[in-house]
Amino acid sequence: MSDLARVEGVRQGTVCLVRVHGEIDLSNAQEVSRAIGSAMGQEARRLVVDLSDITYLDSSGVALLLRLAERLQTRRRQLHLVVPRGSPVRRVLVFTGLPRVIPVEARLEDVLAQCDAGSPGDLA
C-alpha cells in the first residue's frame, strides 16, 4: 500500500468493515481498490467502507467507489459508506450525486444497525 493511504479490514459473519485512512487519488486508487477487495473476501455479503479518516478524495476515488458498487451489485452484495457530516469528502460525494447510488451514513453505528450485524462493538 502506498504512503498516501492505509486500508484495514475485519469480517464478522456476512459483514466486512473496511476502514480507509489517508488520501485516495489517481496515484493510489487502484491499489486501494485491490486492498478493499482483498479485505472483503468471498464470504461477505455486505461491505461497509468507513471513509471517516480520509483527508482527500479526487475523481479517481469517486470512480473507485462507483466501480466497487457496480461489482458488488452484480454479485448481489451490498455496499454502504460511512462519511461524517461536514467532512470535505462528504461534500465531494454529495456534489457528485454518489449518495443517490450508494447509501452514505454519517455514523458507523447507523450502518451496522442497518446491516443487522449485531452490536456495533463486534466490528467497531
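Strands E1 and E2 form a hairpin, with two residues between them. Gly 13 sits in the turn and has a positive phi of about 65°. The model is predicted.

- E1 and strand E2 (residues 15-24) run antiparallel, and eight bridges join them.
- Gln 12 stands opposite Val 15 in E2.
- Strands of a sheet pair through backbone hydrogen bonds, in either a parallel or an antiparallel way.
- Strand E3 (residues 46-57) runs parallel to E4, and five bridges join the two.
- Val 49 has Leu 81 in E4 as its bridge partner.

- His 80 is found in strand E4.
- Is His 80 buried or exposed? His 80 is buried, because its relative accessible area is 8%, and buried means under 20%.
- Leaving aside neighbours within four places in sequence, His 80 is in contact with Leu 47, Val 48 and Val 49, among others.

**Helix H3**

- Which residues of helix H3 (residues 88-96) are buried? They are Val 89, Arg 90 and Leu 93.
- Seen down the axis of H3, these buried residues fall within an arc of 100°, so they line one face of the helix.
- An α-helix has 3.6 residues a turn, so residues three or four places apart point the same way.
- The buried residues of H3 pack against E3, H2, E4 and E5.
- Arg 91, Val 94 and Phe 95 are exposed on the other side of H3.
- Gly 97 follows H3 and has a positive phi, near 80°.

**The largest pocket**

- The largest pocket holds about 160 Å³ of space.
- Helix H2 (59-74) and strand E4 (78-82) each supply at least two residues of its lining.
- Which element gives the most to the lining? H2 does, with five residues.
- Among the lining residues are Leu 66, Ala 69, Glu 70, Leu 72 and Gln 73.
- The lining also includes Arg 77, Gln 78 and Leu 79.
- Val 101, Ile 102 and Pro 103 line the pocket as well.
- By type, the lining divides into seven nonpolar, two polar and two charged residues.

- Arg 76 lies in the loop between H2 and E4.
- Arg 76 is not a glycine, yet it has a positive phi of about 60°.
- Arg 76 is exposed, because its relative accessible area is 74%, and exposed means over 50%.
- Asp 3 lies in the segment before E1.
- Asp 3 is exposed too, with a relative accessible area of 85%.
- The C-alpha atoms of Asp 3 and Gln 73 are separated by 30 Å, and the two residues are 70 residues apart along the chain.

Note on methods:
Residues are numbered from 1 along each chain as its sequence is written. This is a predicted model: local features need pLDDT of at least 70, side-chain atom pairs count only at pLDDT 80 or more; totals for chains, interfaces and linings use all residues. Side-chain values use heavy atoms; hydrogens and water are left out. On a 1 Å grid over the protein atoms alone, a cavity is a set of points where a 1.4 Å probe fits but cannot get out, and a pocket is an open set with protein on both sides within 12 Å along at least five of seven lines; lining residues have an atom within 4 Å of a point. Grid points are joined across faces, edges and corners, and a volume is the space filled by probe spheres set on the points. Helices (H or I, at least four residues) and strands (E, at least two) are DSSP runs, numbered from the N terminus. Ala, Val, Leu, Ile, Met, Phe, Trp, Tyr, Cys and Pro count as nonpolar, Asp, Glu, Lys and Arg as charged, and the others, Gly among them, as polar. Two strands pair if DSSP finds at least two bridges between them. Buried means under 20% relative accessible area, exposed over 50%, partly exposed in between (1.4 Å probe, protein chains only). Contact means heavy atoms within 4.5 Å. The arc is that of the directions from the helix axis to the C-beta atoms.
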